[in-house]
Amino acid sequence: MTAAATTPKGERRRAELIESAAALLAEGGFDAVRHRAVAERAGLPLASTTYYFDSLEELVTAAVEHHANQELETGRRKLDELATRNRGVEATVDLVLDMLLGPLRPDREADAEAVLLRYERLVGTGRRPYLRPLMRTLSAQLYELLHEIFARSGTPVDAVELERLVALVDGAVVNALIEVDPEPRAAAARMLQAALA
């Protein structure tokens with residue numbers, strides 16, 4: 001982080017740029033996060049992106065972290081609402097899929113597109129070595145939250161079983177995307193429900 005972001009105004013502008021970059025990332029993937037697009041989205045001068053960030057990689061990293069932290073916080077809030085008694089398989093599946101696929105969009109096509117973009121971003125991180133340390137940290141936090149979701153739902157799982165369930169969801173989603181299934185989330189829900197039944 002540059003020294004320019006240490007003043008209140010600088011912190012505010014830097015945060016606006018990060019939020020704008022995170023929104024662009026969620027809407028269009030890594031290719032959408034460009035200096036000009038981020039500055040325009042934030043309503044700030046183009047030079048602000050290079051003033052507050054040493055590189056595009058630093059901006060992308062901040063956007064990925066911001067977006068993931070928002071989703072983890074949303075998941076924690078939903079988990080707090082989940083009673084400690086067994087809420088049933090459907091409630092557990094819905095919350096797990098929110099964490100793995102992102103929040104459900106009301107429109108079926110928009111939801112399928114959001115899931116596709118999410119998987120494109122996840123696969124795309126493999127081509128960005130600078131993101132690997134952050135992704136390991138975020139993955140550990142996600143798995144910790146998933147463990148807690150299953151435990152509070154009355155279906156605790158160990159690390160091996162959690163890895164299997166996540167792989168099952170990923171496989172169902174990727175297969176649905178390959179088949180051009182308009183509802184990859186529904187395909188993943190069916191597989192996960194069957195595994196937990």
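The legends below accompany close-up views of a predicted model.

In this predicted model, local features need pLDDT of at least 70 and side-chain atom pairs count only at pLDDT 80 or more, whereas totals for chains, interfaces and linings use all residues. Residues are numbered from 1 along each chain as its sequence is written, and side-chain values use heavy atoms, with hydrogens and water left out.

**View 1. The salt bridge between Arg14 and Glu58.** A search of the whole structure finds 12 salt bridges, a salt bridge being a side-chain nitrogen of Lys or Arg within 4 Å of a carboxyl oxygen of Asp or Glu. One of them joins Arg14 to Glu58, with the closest N and O atoms 3.1 Å apart. This pair links distant parts of the chain, since Arg14 belongs to helix H1 (residues 8–28) and Glu58 to helix H4 (residues 56–81), 44 residues apart; helices are DSSP runs of H or I with at least four residues, numbered from the N terminus. Arg14 is buried, with a relative accessible area of 12%, and Glu58 is buried as well, at 16%, where buried means under 20% relative accessible area, exposed over 50% and partly exposed in between (1.4 Å probe, protein chains only).

**View 2. The salt bridge between Glu73 and Arg76 in helix H4****.** The closest N and O atoms of Glu73 and Arg76 are 4.0 Å apart. Because they are 3 residues apart in helix H4, Glu73 and Arg76 are separated by about one helical turn. Glu73 counts as partly exposed at 37% relative accessibility, and Arg76 also counts as partly exposed, at 34%.

**View 3. Arg185 and Asp111 within a network of salt bridges****.** The side chains of Arg185 and Asp111 meet in a salt bridge with an N to O distance of 2.8 Å. Arg185 lies in helix H9 (residues 184–196) and Asp111 in helix H6 (residues 108–124), so this pair ties together parts that are 74 residues apart in sequence.

View 4. Leaving aside its neighbours within four places in sequence, Tyr143 is in contact with Leu162, Glu163 and Val166, contact meaning heavy atoms within 4.5 Å. Tyr143 and Glu163 are 20 residues apart in sequence, and their C-alpha atoms are 8.6 Å apart in space.

Notes. Helix = DSSP H or I, 4+ residues; strand = E, 2+ residues; numbered from the N terminus.
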